[in-house]
Amino acid sequence: MLSNQLWSLIKSEARQISEQEPLLHSFIEQCILTHQSLLDATSFVLAQKLADNVMPQTEIFPLFKSFYQTNPEMLEVVAFDIRAVFERDPAIDSYLTVLLHLKGFQAIQVHRLAHQLWQQDRRDLALFIQSRCSQVFAVDIHPACRIGKGVMFDHATGIVVGETAVIEDNVSILQSVTLGGTGNESGDRHPKVRHGVMIGAGAKVLGNIEIGCNSKIGAGSVVLKDVAPHTTVVGVPAKQVGVPRCPEPCRSMQQNVFDDSNAESVD
């Protein structure tokens, strides 16, 4: 299982850092080395992040632990998300860094708990978790929205995801992106982002529209209409300017849309 493989690597990385950097020894011990599994370590790290003077870590930790224990497949999703960040972000050189420090990854994992609470009709608690996520990470994800695995929120600050939005597997979204509605209408009103998509920094994707699989949205774009699969769009309003040079833009993270202007479709 991927989660077991990553846990072994994370522990090894943690031991090395604990030896190399004495000031981080206690931090690494508490977050990683005292735990017996990725389940416990992830639950501890996320609970520590969300805790405040009113809601202590000791109250939040059991929520996460129970969530992973009753949904063991979600621990594999955690592992997929860690690996996605490690493979796509050139600034990351360890799996441990993703788990301990990257707020985009952490915000997504917090959302997964809030989403289950929402589905269980524990909506007040789900909204509390959402609120803390927004305060701590500056990422606002409605508990009802659906997010797949292998998703990366890069930098993450200012990302907003609306109630009826869908983000499928293997999607990369950069900072200040909004997946929002177009007004105060109710019902299904937010974007559906299909697999393989990359959405550049500051893009606003608005309305119940479909962002086709393996497409790319350039930074700063305003997208108000469907985006066809494996196309590149940019501008205000966004228009097609070409096709991505790779099968899955989410993996290459190539953000220069001018490189796509004369590209031929990649199967």
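Reply: Let's start with Arg-132, which counts as buried at 11% relative accessibility (buried is under 20% relative accessible area, exposed is over 50%, and partly exposed is in between, using a 1.4 Å probe and protein chains only). Its salt-bridge partner is Asp-52, at 3.8 Å from N to O; the term means a side-chain nitrogen of Lys or Arg within 4 Å of a carboxyl oxygen of Asp or Glu. Arg-132 sits in helix 8 and Asp-52 in the loop between helix 3 and helix 4, so the pair ties together parts that are 80 residues apart in sequence. Helices (H or I, at least four residues) and strands (E, at least two) are DSSP runs, numbered from the N terminus. Asp-52 itself is partly exposed, at 29%.

By the way, this is a predicted model: local features need pLDDT of at least 70 and side-chain atom pairs count only at pLDDT 80 or more, while totals for chains, interfaces and linings use all residues. Residues are numbered from 1 along each chain as its sequence is written, and side-chain values use heavy atoms, leaving out hydrogens and water.

Next, Asp-81 and Arg-112 meet in a salt bridge at 2.6 Å, N to O.

Shared partners join Glu-168, Arg-194 and Glu-210 into one network of salt bridges. Glu-168 is partly exposed, at 25%. In total, the structure holds 11 salt bridges.
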